[in-house]
Amino acid sequence: MTGEKNLQALLAGMHPVQRSGEYVYVLWPHGRPLAPGIEAAVREAEGLTVVLPRTAADREGLSYDFVAAWITLEIHSALEAVGLTAAVSKALTEARISCNVLAGFHHDHLLVPVADAPRALEVLAGLSARSRQSPAGLLEPVQLAGNAHGLDEVRPPIPGLQLRDEAPADRDAILALTAEAFAISPATGLPADGEPVEVNVLRELFDSREYLPGFSVVAELDGEVVGHVISTRGWVGSQELLGLGPISVTPRLQRQGIGSALMKETIARANAAGENGIALLGSTGYYPRFGFVPAASLGVLPPEEVWGDNFQLLPLALWPGGIHGVFRYAEPFTRL
């Protein structure tokens, strides 16, 4: 059977499927006979690396660091096909998901961190769907509409936009901006009755114990504060996470890339700081493009059950897995 070589056909037709179980890479002990259960192997000058189920590695008493989910792209790709690995890697890189690729005779296989498997499947399914809908734009990000927070499509921000740490002198401008952005309530779609609740929450967050200076980010254009996002300390049990929000963009500049720039800046800062994950309550039509998934799918439950899938979580590069419990926001949120 001849494998497919055309990149568009490969992307459009690939069907990512996750195998059951967890898999690990181990260095096989020199001279030990190979044991049952080995799924892949590669010989290097330093020794023999094998991939096998985690349970098999534990049974053999072998050490490992990286625990992976195994995803198979169920389309028969030719070994000489050009571009599939690059396209898949690009999509996963943009979602900040690490990936190790194994090529078999019939299919390509991806080993991604266990905690990132749901997001990886979503990213891959989206890549396939876009290739079917827009062949000329295979490797371009899909553009989606904004939501009631006044956010934007995924597009380059306005030229000259500067992102920087919030300073105390900015706070009056930030609070005024937040009042403008939330003048129409995202919860009800109706004009806010008096000062939007988000303004007072933000005012209290600035003075709270959970305030993190490096995660209060201002978007500035020509000396004017035109956007702001804050993330404060949150927890699941004793495990520290970030709670993102509110995020605001001045109404006249909404849908111009400012919201996306603030989100990407927050994610980059969080990864650089060694944070584990970011939680938020928001639109399921907007935040998944940044890699957010329903938090409950990763074992993190919303403070209010009625939030459902709108309570979302982005597991970052150091996501440890195995976190289970109810998310606890910074103290000012408890007074809403």
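Helices (H or I, at least four residues) and strands (E, at least two) are DSSP runs, numbered from the N terminus. By that count the chain has seven helices and 16 strands. This is a predicted model, in which local features need pLDDT of at least 70, side-chain atom pairs count only at pLDDT 80 or more, and totals for chains, interfaces and linings use all residues. Residues are numbered from 1 along each chain as its sequence is written, and side-chain values use heavy atoms, with hydrogens and water left out.

**Whole chain**
- Of the 336 residues in the chain, 48% are buried (under 20% relative accessible area; exposed is over 50%, partly exposed in between; 1.4 Å probe, protein chains only).
- Take contacts (heavy atoms within 4.5 Å) between residues at least 6 apart in sequence: 70% join residues at least 24 apart.

**Helix α3**
- Helix α3 spans residues 84-94, and its buried residues are Leu84, Ala87, Val88, Ala91 and Leu92.
- These lie on the same side of α3, because they cover an arc of only 125° around the axis (taken from the directions from the helix axis to the C-beta atoms).
- An α-helix has 3.6 residues a turn, so residues three or four places apart point the same way.
- Exposed Ala86, Thr93 and Glu94 sit on the face of α3 turned away from its buried side.

**Helices α5 and α6**
- The axes of α5 (residues 171-181) and α6 (residues 197-206) come within 9 Å and cross at roughly 155°. Axes are lines fitted to C-alpha atoms, for helices over the stretch in contact, with angles from 0 to 180 degrees between N-to-C directions.
- The crossing angle therefore makes α5 roughly antiparallel to α6 (over 145 degrees; under 35 is roughly parallel, 65 to 115 roughly perpendicular, the rest oblique).
- From α5, Arg171, Ile174, Leu175, Thr178 and Ala179 meet Glu198, Val199, Leu202, Arg203 and Phe206 of α6.

**Ser216**
- Ser216 lies in strand β9, residues 216-221.
- Ser216 counts as buried because its relative accessibility is 0%.
- Beyond its neighbours within four places in sequence, Ser216 contacts Arg164, Asp165, Glu166, Phe206, Tyr211, His228, Val229 and Ile230.

**Trp307**
- Trp307 is in the loop between β14 (300-301) and β15 (311-315).
- Not counting residues up to four places away in sequence, Trp307 touches Leu281, Pro302 and Tyr329.
- Trp307 and Leu281 are 26 residues apart in sequence, and their C-alpha atoms are 7.6 Å apart.
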